[in-house]
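We'll take it one element at a time.

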Amino acid sequence: MNAHIEKVRSRGASMRARWDSMPRQVRWVALLALIVFLYLLPNRWFYINLWYFRTMESDMATVLFETAFFVLLAVGLNVVVGFAGLLDLGYFGFFAVGAYTVALLTSPESRFDIGWPWLAAVPAAVAVTMISGVILGGPTLRLRGDYLAIVTLGFAEMIRLYASRNEGIANGQRGIPQIPHPVPDVKGSDGQSLFGVVDARPYYWLTLTIIIFVILGVRNLTRSRVGRAWVAIREDEDAAQIMGVPTFKYKLWAFAIGAAVGGLSGALFAGKQSFINSDSFQLTNSILVLAAVILGGAGNIYGAVIGAFITWYLPEWVRGIGGALGLEINVAEYRILIFGAVLIVMMIFRPQGILPNRRRAAEFADRRQEAAPTEAST
Amino acid sequence: MDFDGLLRDFPDLTTTGLAQGAIYALVALGYTLVYGVLRLINFAHSEVFMIGTVAALGTWQALGYNQNSSVGGIGLILLLLLAGLAAAVVASTLTAVAVERVAYRPLRRRNAPPLAFLITAIGASFVLFEAVGLFSDNLHIGGERAPFGMVTVIKPENVISVGGWDITNTQILVILSAIGMLIALDTFVNRSRLGRGIRAVAQDPDTAALMGVNKDRVILLVFVIGGIMAGAAALLWNVAYTFSRFDVGFLIGLKAFSAAVLGGIGNLRGALLGGLLLGVVENYAAGLFGGDWKDFTGFVVLIVLLMFRPTGLLGESLGRARA
């Protein structure tokens, strides 16, 4: 009777088992090699040889930065959707809150005009987003999950609507210019500030470093008491409550942590673009991040990374390949259409994602078996 | 805060609010019915409404009218209204049924967790919305994602003026048709055999199935009714607001959902009450704080309501209605 579940487990587990059975040193060396590769990737002398991997039509370093940035968003959303099982559709709202906090605190053009350096504004941005997450989550997390989805969706849209008003502190379409770049004191080899306008590489490296730290933090968190509480809530909230898990508290934690990562990415975005306006925060982006997490495998950090990579890097890469073949394939234009459909298809045929979290895959298989015992046994 | 403005424009704000609220109520019915039966928020319902507005407009354009043409004569107006209504209702219903068939039914078969339904609903919503958005790009109607040029079927005129209360013909049309449709639907659900099936499945799906109610058919019926109501709302929206764009459904959907929760989601009469109330409150808020804040009101109402009375004003009661 458990054959089906076993099959699901083994499919996901075989690769993992092979990885786990390798000697510790080999695993470390492999991981280190991957990280070094990722750091080298935006250098022209390096990627020019990887003709099958690079993007042809657009600047590789810029695409890599955008991808990394998107990966960071996906890792943050994965905490909320994947681990705690809360559907947060207003993720870009938190992103916007983070970006605007940085802009208001640092830009000489903002209404406050206090001109903090970028680095000082980042913790403030993270704190403000976390607080806004708690304010939003407080009333809604006590209720059924579907209310949370629609309230967060509304939240993101309201932030955008507010930002697009001309009288507000966000300056509407005119936006907030002259946001300083990160750490101007660090000089590159040419004596200019390392974080400039033209070169996207430093931003990529910065984002990559942040991603590594966030992944380490989230990974440790999921293996702690908090992470176990999240899984318990995701699987059966009532049961978890009965067993003494303070569900509301941990749901709020997941929500706030997800919001904080969103705010951090917003701060990064503001520092890179040095200009933001209300058009920077389209609602559709929230859905792209969600699609990335679901596609990759909610509940698995590396799944979210892969999903984000596919959602952002692949369309650019395909465009490059099309360009090389003399075709104009602009997949990026159809991104929302494609990944909206991906959400539907994945939920029906592979709800656990490409790189599933083992336990979550088993949950889906369990439920499916409950629904149709005859179908599953064949 | 502009209390004088609110008092001065009070009659005007009230009538506009009621007309807007009537449309919210019609859309809210779709949310409320599906929620009552399946315990599912059908996110794609806003897109069902949007497709309706586009279909009605497309029919008018196919008949040779555009944003510049003037429509005169009662017979012609009636013809256009009926053609638009038929197109909107058919398109909306087909969309609603397609979403249920393609997105929700396979998940029910697999006994998927509630989160999966929400994610599919969001996916379906974005596929529909983006498809129409890309379509409007290809029409080259001035700028990326520009609104469609809308036909003005009925010119708004004041037909009733009593003591400072001016009511236009479009407002009367919208409010009366919405109330009429709600009464018809309420009677259908409470008195007909099919309606009894809907209530039975809402109350207890398994027992209803044992009693010989075809669950799948009831669910289909619920989506069809939601689609019809959204189609009618779409036509009324076209007539009263003469505006349609690929994302027109989004805010209306959000507000209609708030209206459904306000009245008590799953409760048909609650949807009417919630819709009208939300429309009026929203317009008063616009009078008080300025038009920019109008769209915030629905959202604030939703949050406050969820904090203090999540079951809504009339309670969630499709299943618990009298037998």
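This is a predicted model: local features need pLDDT of at least 70, side-chain atom pairs count only at pLDDT 80 or more; totals for chains, interfaces and linings use all residues.

The numbers behind that: the axis of α9 (residues 225-235) of chain A comes within 10 Å of the axis of α11 (residues 247-273) of chain A, and the two cross at roughly 105 degrees. What does the contact of α9(A) with α11(A) have by class? It has eight nonpolar residues, one polar and two charged. From α9(A) come A:R225, A:V226, A:A229, A:W230 and A:I233, and on the α11(A) side they meet A:T247, A:Y250, A:K251, A:W253, A:A254 and A:I257.

Now for the charges. Side chains of opposite charge can pair when their charged atoms come close. Over all chains, the count comes to ten salt bridges. Staying in chain A, one of them joins A:R160 to A:E157, with 2.9 Å between the closest N and O atoms. Both residues sit in helix α7 (residues 145-163) of chain A, three residues apart, which is about one turn of the helix. As for solvent, A:E157 is buried, at a relative accessible area of 6%.

Hop over to chain B and look at B:D216, which makes a salt bridge with B:R109, the closest N and O atoms being 3.4 Å apart. This pair links distant parts of the chain: B:D216 belongs to helix α9 (residues 215-241) of chain B and B:R109 to helix α4 (residues 74-109) of chain B, 107 residues apart. B:D216 is partly exposed, with a relative accessible area of 28%.

Another pair in chain B is B:E282 with B:K255, a salt bridge whose closest N and O atoms are 3.4 Å apart. B:E282 lies in helix α11 (residues 268-289) of chain B and B:K255 in helix α10 (residues 248-263) of chain B, so this bridge ties together parts that are 27 residues apart in sequence. Are these two buried or exposed? B:E282 is buried, with a relative accessible area of 0%, and B:K255 is buried too, with 6%.

Next, the strands. In chain B, β1 (residues 158-162) and β2 (residues 165-168) run antiparallel and are joined by four bridges. B:N158 stands opposite B:T168 in β2(B), while B:I160 has B:I167 as its bridge partner in β2(B). Together β1(B) and β2(B) form a hairpin with two residues between them. In that turn, B:G163 has a positive phi of about 50 degrees.

Speaking of positive phi, which residues of chain B have it although they are not glycine? One of them is B:R39, with a phi of about 55 degrees. B:R39 is placed in the loop between α2 (10-38) and α3 (45-62) of chain B. Another is B:T242, with a positive phi of about 40 degrees. Look for B:T242 in the loop between α9 and α10 of chain B. At 32% relative accessibility, B:T242 counts as partly exposed.

Terms used: Residues are numbered from 1 along each chain as its sequence is written. Chains are lettered from A and ligands numbered from 1 in the order in which they are written. Side-chain values use heavy atoms; hydrogens and water are left out. Two strands pair if DSSP finds at least two bridges between them. Axes are lines fitted to C-alpha atoms, for helices over the stretch in contact, and angles run from 0 to 180 degrees between N-to-C directions. Contact means heavy atoms within 4.5 Å. Ala, Val, Leu, Ile, Met, Phe, Trp, Tyr, Cys and Pro count as nonpolar, Asp, Glu, Lys and Arg as charged, and the others, Gly among them, as polar. A salt bridge is a side-chain nitrogen of Lys or Arg within 4 Å of a carboxyl oxygen of Asp or Glu. Buried means under 20% relative accessible area, exposed over 50%, partly exposed in between (1.4 Å probe, protein chains only).
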